[in-house]
Amino acid sequence: MTDEKLDQILKKALSPEIEDSEIQIQRKVVNNKMKTKKKIITGALVACAALTFVVTGGYFSYLSKSGDDKTSNVTKAPTALTGNVFAITSNAAVLPEGFSSGDVINLSTAISSYGSSDYLDGRFAISGNNIEKVRVETDKCNLYTVVPIYEGDPEYKKAQNIETFLDGEWYEMISDVPEDKRSDDIESMPHHYEHLLIRGTSYEGTYNDKMSFGMSVPEELWSTNDDLQAGFHEDVDQVDGATITIEVTFTDGSTETHHYRLNTGKLYIPVDENGYKQHDNVTRFATDKEWYIYGYLMEQID
């Protein structure tokens, strides 16, 4: 079942006062939690489980009524860099003028419906110049990595084969077609996959400018709260106060290390002048009546 079909069913089953944007937010939250708790693999089964819950006993966060639930399609050219530098960015990897090496520019959220306690929203990428290797460590919970997989890549067939999925590993199909032009059959449209892999408390490897990182909550720490929304917030709060250590090795052999703290809460999702939510521009906590997701921000300690 597609997200569009699920939205139509939800709107018929729920109060007519519920906004489309609220339905989409709750579809994401419920899908995420149900998928994680029940270990459901296929997207169709996740959608059915989420629908059953929402119709019989759903809940709704308060959100402002401004903007559509659309992804910003505005892209910017990356800043030309010189010297050994790096910064923490969203997946877009856009660096502004005047940043200092080690700065946190912004984070991004996973805008598909598969984020969960295993794979928390709040992805961060390491962007910069002359980077050869990276090391990332956390003192709370675990890290996961995300790498896009396209047709022709060695892992593409593995991503298509559901039987190859292992604990802590996930391949998600991502449509390359704008949402308003998608058909019901996503596999017939241009698409790629994202490979998500839980790495434990540390990752070290050759620099990949397509790789991003996120936080993963171990199953033994998951909330047992029957309120799925409250339980998911409790899961996210497991990473509150975590210290992330990032060490970059440059091509000349020199290294640079910075430490970052994670702080959890309601994160503001800005809406541009065209009404598009900027999921790749998460920089602050939300105030009352602003669009938000529940997640974490990174602040640089040193």
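Five strands form an open sheet in the order β7-β3-β9-β10-β11, and their pairing is antiparallel. The edges are held by β7 (202–206) and β11 (292–300), each of which has a single partner strand, so one side of each lacks a neighbour in the sheet. On average, neighbouring strands of this sheet are turned by 20° against each other, direction ignored. The structure is a predicted model, and the mean pLDDT of the protein is 74.

**Confidence of the model**
- A pLDDT of 70 or more is reached by 65% of the residues.
- Over residues 5–79, pLDDT stays under 50.
- For residues 5–79 the model has 130 contacts beyond four places in sequence.

**Pairing of β3 and β9**
- Strand β3 covers residues 131–138, and strand β9 covers residues 243–250.
- These two strands pair in the antiparallel sense over seven bridges.
- Within this part of the structure, T138 stands opposite I244 of β9.

- Strand β5 (residues 169–175) is largely enclosed by the rest of the structure, because seven of its seven residues are buried.
- In a regular strand, side chains alternate between the two faces of the sheet.
- From β5, E169, Y171, M173 and S175 point one way, while W170, E172 and I174 point the other way.
- The residues of both groups are all buried.
- Strand β6 (residues 191–200) pairs with β5 in the antiparallel sense, over seven bridges.
- The bridge partner of E169 in β6 is L197.

**Residue T89 in strand β1**
- T89 lies in strand β1, which comprises residues 85–89.
- T89 counts as buried because its relative accessibility is 0%, and the cut-off for burial is under 20%.
- The side chain of T89 makes a polar contact with the side chain of S127, at 2.9 Å.

**Helix α5**
- Helix α5 (residues 228–236) is mostly covered, with seven of its nine residues buried.
- The buried residues in α5 are L228, Q229, G231, F232, H233, D235 and V236.
- An α-helix has 3.6 residues a turn, so residues three or four places apart point the same way.
- The N-terminal end of α5 is capped by D227.
- In this cap, a side-chain oxygen of D227 lies 3.1 Å from the backbone nitrogen of Q229.

Definitions and conventions:
Residues numbered from 1 in each chain as written. Predicted model: local features only at pLDDT ≥ 70, side-chain atom pairs only at ≥ 80, totals over all residues. Heavy atoms only, no water. pLDDT = per-residue confidence, 0-100. Contact = heavy atoms within 4.5 Å. Helix = DSSP H or I, 4+ residues; strand = E, 2+ residues; numbered from the N terminus. Buried < 20%, exposed > 50% of the residue type's maximum accessible area, 1.4 Å probe, protein only. Polar contact = N/O pair within 3.5 Å; in protein donor to acceptor, adjacent residues only side chain to side chain. Pairing = 2+ DSSP bridges. Axes fitted to C-alpha atoms, helices over the stretch in contact; angles between N-to-C directions.
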